[in-house]
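Hello,

Here is the structure I promised to pass on. Please look it over, then read my notes below.

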Amino acid sequence: MAVETLTFGCRLNTVEAEVMRGHAEPHAGDDLVIVNTCAVTQEAGRQARKAIRRLARDRPGARIVVTGCGAQVETDLYAAMPEVARLVGNDAKTRRETWAPARVPPDRAAVDDIMAVRTAAPTRIAAIAGQTRAFVPVQNGCDHRCTFCVIPFGRGNSRSVPPADVVDQVRRIVDHGGREVVLTGVDLTAYGRDFSDPSSLGRLTQAILSGVPDLARLRLSSIDSIEADDALMDAIAGAARLMPHLHLSLQAGDDLILKRMKRRHGRADAIRFCAAVRRLRPEVVFGADLIAGFPTETEAQFARSLDLVAECGLTHLHVFPYSPRPGTPAARMPPVPGDVVRARAARLRAAGAAALEGHLEGQVGRTHRVLTERGGLGRTEGFTPVRLAADAAAGELRDVTIAGHDGKVLIAA
């Protein structure tokens, strides 16, 4: 019987859900649903618990197993839900033996000590159902302790997949017809620092590009710009197969707020990095994570985040209204009123929408190489969505001329 997975949160969760499905399906003798939760915001947890309750109502015979960061950091909350048959910790969830019936522990809430985990295992899947691009986890966990974030307590400390295993996984994907690979992790630019002979994300990127010459496109998921190494900058400048799209973990544009967040960069660092990359790769498109309404944020400090959209030339924004997470230092700081947080998030999103529209307008009349997706869409090398003039099989690379846009996506001629 097929196993259903319901995934919330990051790309890492998406890959891990596919791994769990593969391990569980040979043993699935009943209606099994694996819910892979997220804990990055209060809303992510609320949505996951709502979905669990809905699943139990709609499918009363289903066995619901809950895992992910929510299960790891809010174990008691999920364990108290009568709808949940079993909780699985973040480290155990991708182990084959976890899903063998003989290995089901007597404790339904057997969640591991994630801080004791020291290694990252490679994935062995060639594709994810319904996904055009393949995500390859190369790193897990985080050694930093940003004051707003619980993810280190859900994922543990930083640990990296050996480069040879990463290259083998990318080669496997290409051998199965994959055209685009996205390297992903919790703190991607920390890659390789935990090795006895330290490495870096840039060196890994170069190893993939040289070791898998048939790979058409390589992308990076979210990076911390202050940690970008020289080898990565060299790859950005000289490797055409490394796509000109970077998503930056910026979070704020005011130095005092960044300090209170315990970030490792300042406003000037972010602006300088974007300018340096644009000099190396003029066609680069930037995305960014930004938090609105962090505790103590004044209107003037928020304005510096708003201004950062133009000063860094950001195009694709992920805006998060600040969400207090229990146990974090930021949760004890003086809060910004909720209506102000929501209003600031709306203003940031409006700035992002205007920046995106300006970017789309600048692409009209140009020709782009697009990787086709399902539903008549595709993505440019800069990750901008394109609505195609005719249906195409997913996974094709096509040159298309842009005739216009609708404010959200490009429209091919």
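Does F383 count as buried or exposed? F383 counts as buried, at 14% relative accessibility (buried is under 20% relative accessible area, exposed over 50%, partly exposed in between, with a 1.4 Å probe and protein chains only).

First, the basis. This is a predicted model, where local features need pLDDT of at least 70, side-chain atom pairs count only at pLDDT 80 or more, and totals for chains, interfaces and linings use all residues. Residues are numbered from 1 along each chain as its sequence is written, and side-chain values use heavy atoms, with hydrogens and water left out.

Back to F383. This residue is in the loop between β15 (377-379) and β16 (385-387) (helices are DSSP runs of H or I, at least four residues, and strands runs of E, at least two, numbered from the N terminus). Phi of F383 is near 70°, a positive value in a residue other than glycine.

T296 also has a positive phi, near 75°, and is not glycine. T296 lies in the loop between β12 (285-292) and α11 (299-311). T296 is partly exposed, at 23% relative accessible area.

The largest share, six residues, comes from α1.

Best wishes
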